[in-house]
Amino acid sequence: MNQPQEHDAEDHTIEIEVSTAYVEDQSEPDDDRYVFAYHVVIRNAGALTVQLLNRHWIIRDGRDQTQEVRGEGVVGEQPSIEPGDSFEYTSGTVIETPVGTMEGSYGMRDERGNTFDAPIPPFTLSVPRTLH
């Protein structure tokens, strides 16, 4: 009988940085439509090559309306990221208020076949000059 493979937390050290931008020319504030772009850098600081399999986002607007988004990969890709390397992409979302938040996780698989979730820390979506 095969034993599950041991793995250390150091095998799965994924650092995620997100920056956001308000997309004014695609937004319609009079119609409660606020468009934001977000740029994500996923850095593999672990010991094993990993592949991003899927994503899970929780998007909340200022009225606490929540959207959940699940899907395969990101921007049509399921990238493999070697130790020390990173993968970057830009995507977007639409909410109904000038301020909101996003958080979630990436479903990952390491080179040994172990799957794990890499948490995406909460970040703020905000029209400029809305938050002080």
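The chain exposes about 7900 Å², with carbon and sulfur atoms supplying 42% of it; accessible areas here come from the Shrake-Rupley method with a 1.4 Å probe, and for residues only the protein chains shown count as cover. This is a predicted model, in which local features need pLDDT of at least 70 and side-chain atom pairs count only at pLDDT 80 or more, while totals for chains, interfaces and linings use all residues. Residues are numbered from 1 along each chain as its sequence is written, and side-chain values use heavy atoms, with hydrogens and water left out.

On confidence, pLDDT (the predictor's confidence in each residue, from 0 to 100) averages 92 over the chain, and 90% of the residues reach 70 or more. Residues 1-7 are another matter: pLDDT stays under 50 there, and the model has six contacts beyond four places in sequence for this stretch, a contact meaning heavy atoms within 4.5 Å. Where pLDDT is low, the predicted coordinates should not be read in detail.

As for the overall build, the chain has eight strands and zero helices. Both are DSSP runs numbered from the N terminus, with helices being H or I of at least four residues and strands E of at least two. The C-alpha atoms fill a box of roughly 60 × 30 × 30 Å along the principal axes. Of the 132 residues, 38% count as buried, where buried means under 20% relative accessible area, exposed over 50%, and partly exposed in between (1.4 Å probe, protein chains only). Among contacts between residues at least 6 apart in sequence, 66% join residues at least 24 apart.

Towards the end of the strand list, β7 (residues 99-110) and β8 (residues 115-126) run antiparallel and are joined by 10 bridges; two strands pair if DSSP finds at least two bridges between them.

Glu-88 sits in strand β6 (residues 86-95). Leaving aside residues up to four places away in sequence, Glu-88 touches His-39, Val-40 and Val-41. Glu-88 counts as partly exposed because its relative accessibility is 46%. Thr-124 lies 36 residues from Glu-88 in sequence, and their C-alpha atoms are 19 Å apart in space.
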